[in-house]
Amino acid sequence: RSNNGNFELVSRDNASNGTFKFIGEAGSTETTHLEISAAGNVAIGSGTASEKLHLMADGSVGTRIERASNDGNSGVLDFYKTRGTLASKAVVGTADTVGALRAFGYDGSNYIQGGEIAFKTNGTPGTNDMPTQFVVSTTADGAASPTVRMSIDSAGVVSIPGTLSVTSGTTIGSLDIGHGAG
């Protein structure tokens with residue numbers, strides 16, 4: 001329907017519980033290509049979304065961010081974090097995860113997290129001030145959850161727990177920390 005120049009798709013079918021499906025048909029076979037649940041979760045592929053955006057397929061599935069421009073910039077994947085609500089935002093806290101990439105593998109009965117690259121605050125955030133650390137975690141053989149393997153904090157200190165912790169200006173063998181052009 002049209003509402004003040006805007007296109008609106010409205011579901012009033014109680015049987016579908018407000019779910020919209022975009023279905024393709026090849027012969028007598030119907031395939032759901034896109035599903036939007038009453039909760040606003042979007043499934044692309046087949047099945048029902050368990051998150052706000054859920055991509056799934058038998059075979060290859062991927063996400064592509066492509067940018068064509070006459071400059072040195074690339075496509076970007078941004079993560080935004082706030083405390084509070086979308087309508088009433090609040091400053092993030094110390095040690096909040098502000099973005100993360102996680103990888104999971106199926107072990108025969110469950111998906112187990114294999115690793116994570118995370119960005120966490122590691123100081124007190126404030127106006128125009130967001131001290132953040134970069135944390136790399138992997139899951140060891142025989143384990144079911146990741147362990148921090150390396151971090152770089154907001155002061156530039158590189159830590160490799162249990163093995164190595166160094167600060168700028170340190171040289172270990174041929175490894176030179178902090179003596180670059182930057």
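Q: A pocket is an open set of grid points with protein on both sides within 12 Å along at least five of seven lines. What volume does the largest pocket have?

A: A word on the source: this is a predicted model. In it, the largest pocket has a volume of about 880 Å³.

Q: How many residues line the largest pocket, and which lie nearest its centre?

A: A lining residue has an atom within 4 Å of a pocket point. Here the lining holds 16 residues. Nearest the centre lie Glu51, Leu53, Ala100, Arg102 and Phe104. Find those five on the structure, and you have found the middle of the pocket.

Q: Which strand gives the most to the lining?

A: Strands are numbered from the N terminus. Strand 9 gives the most, with five residues. Strand 9 covers residues 97–106, and strand 6 covers 53–55. Each of these two strands supplies at least two lining residues.

Q: How do the lining residues divide into nonpolar, polar and charged?

A: Sort the lining by residue type. The count is 10 nonpolar, four polar and two charged.

Q: Which residues form a nonpolar patch on the surface?

A: Nonpolar side chains join a patch when they lie within 5 Å and their residues have over 30% relative accessible area. The patch here consists of Ile65, Leu77, Phe79, Leu101, Ile117 and Phe119. Together they have about 540 Å² of accessible area.

Q: Is Phe119 buried, partly exposed or exposed?

A: Buried means under 20% relative accessible area, and exposed means over 50%. Phe119 has 33% relative accessibility, so Phe119 counts as partly exposed. Phe119 sits in strand 10, which runs over residues 111–121.

Q: How many salt bridges does a search of the whole structure find?

A: Start with the idea. Side chains of opposite charge can pair when their charged atoms come close. For a salt bridge, the cut-off is 4 Å from nitrogen to oxygen. The search finds five salt bridges. Let us read three of them.

Q: What joins Asp96 and Arg83, and where do they lie?

A: Their side chains meet in a salt bridge, at 2.5 Å from N to O. The pair links distant parts of the chain, 13 residues apart. Asp96 is in the loop between strand 8 (89–90) and strand 9, while Arg83 is in strand 7 (residues 83–84). Now check accessibility. Asp96 is at 9%, so Asp96 counts as buried. Arg83 is at 39%, so Arg83 counts as partly exposed.

Q: What do Glu116 and Arg102 form?

A: Their side chains meet in a salt bridge, with 2.6 Å from N to O. Glu116 lies in strand 10 and Arg102 in strand 9, so the pair ties together parts 14 residues apart in sequence. Glu116 counts as buried because its relative accessibility is 14%. Arg102 counts as exposed because its relative accessibility is 53%. Arg102 is also one of the residues nearest the centre of the largest pocket.

Q: With which residue does Glu66 form a salt bridge?

A: Glu66 pairs with Arg64, and their closest N and O atoms are 2.6 Å apart. Both Glu66 and Arg64 are exposed. Glu66 lies in the loop between strand 6 and strand 7. Its relative accessible area is 60%, which means Glu66 is exposed.

Q: How far apart are the C-alpha atoms of Glu66 and Val76?

A: Glu66 and Val76 are 10 residues apart along the chain, and their C-alpha atoms are separated by 8.8 Å. Now try Phe22 and Thr32. They are 10 residues apart in sequence and 5.9 Å apart in space, C-alpha to C-alpha. Phe22 is in strand 3 (residues 20–26). With a relative accessible area of 41%, Phe22 is partly exposed.

Q: How far apart are Thr127 and Val91 in sequence and in space?

A: They are 36 residues apart in sequence, yet 8.7 Å apart in space, C-alpha to C-alpha. Thr127 is in the loop between strand 10 and strand 11. Thr127 counts as exposed, at 74% relative accessibility.

Q: What is phi of Ala95, and what is phi of Asn128?

A: Most residues other than glycine have a negative phi. Ala95 has a positive phi, near 75 degrees. Asn128 has a positive phi too, near 55 degrees. Ala95 is in the loop between strand 8 and strand 9. Asn128 is in the loop between strand 10 and strand 11 (132–138). Ala95 is exposed, with a relative accessible area of 53%. Asn128 counts as exposed at 83% relative accessibility.

Methods:
Residues are numbered from 1 along each chain as its sequence is written. This is a predicted model: local features need pLDDT of at least 70, side-chain atom pairs count only at pLDDT 80 or more; totals for chains, interfaces and linings use all residues. Side-chain values use heavy atoms; hydrogens and water are left out. On a 1 Å grid over the protein atoms alone, a cavity is a set of points where a 1.4 Å probe fits but cannot get out, and a pocket is an open set with protein on both sides within 12 Å along at least five of seven lines; lining residues have an atom within 4 Å of a point. Grid points are joined across faces, edges and corners, and a volume is the space filled by probe spheres set on the points. Helices (H or I, at least four residues) and strands (E, at least two) are DSSP runs, numbered from the N terminus. Ala, Val, Leu, Ile, Met, Phe, Trp, Tyr, Cys and Pro count as nonpolar, Asp, Glu, Lys and Arg as charged, and the others, Gly among them, as polar. Patches are made of residues with over 30% relative accessible area and no salt bridge: like charges are joined within 9 Å, nonpolar side chains (Val, Leu, Ile, Met, Phe, Trp, Tyr) within 5 Å. Accessible areas come from the Shrake-Rupley method with a 1.4 Å probe; for residues, only the protein chains shown count as cover. Buried means under 20% relative accessible area, exposed over 50%, partly exposed in between (1.4 Å probe, protein chains only).
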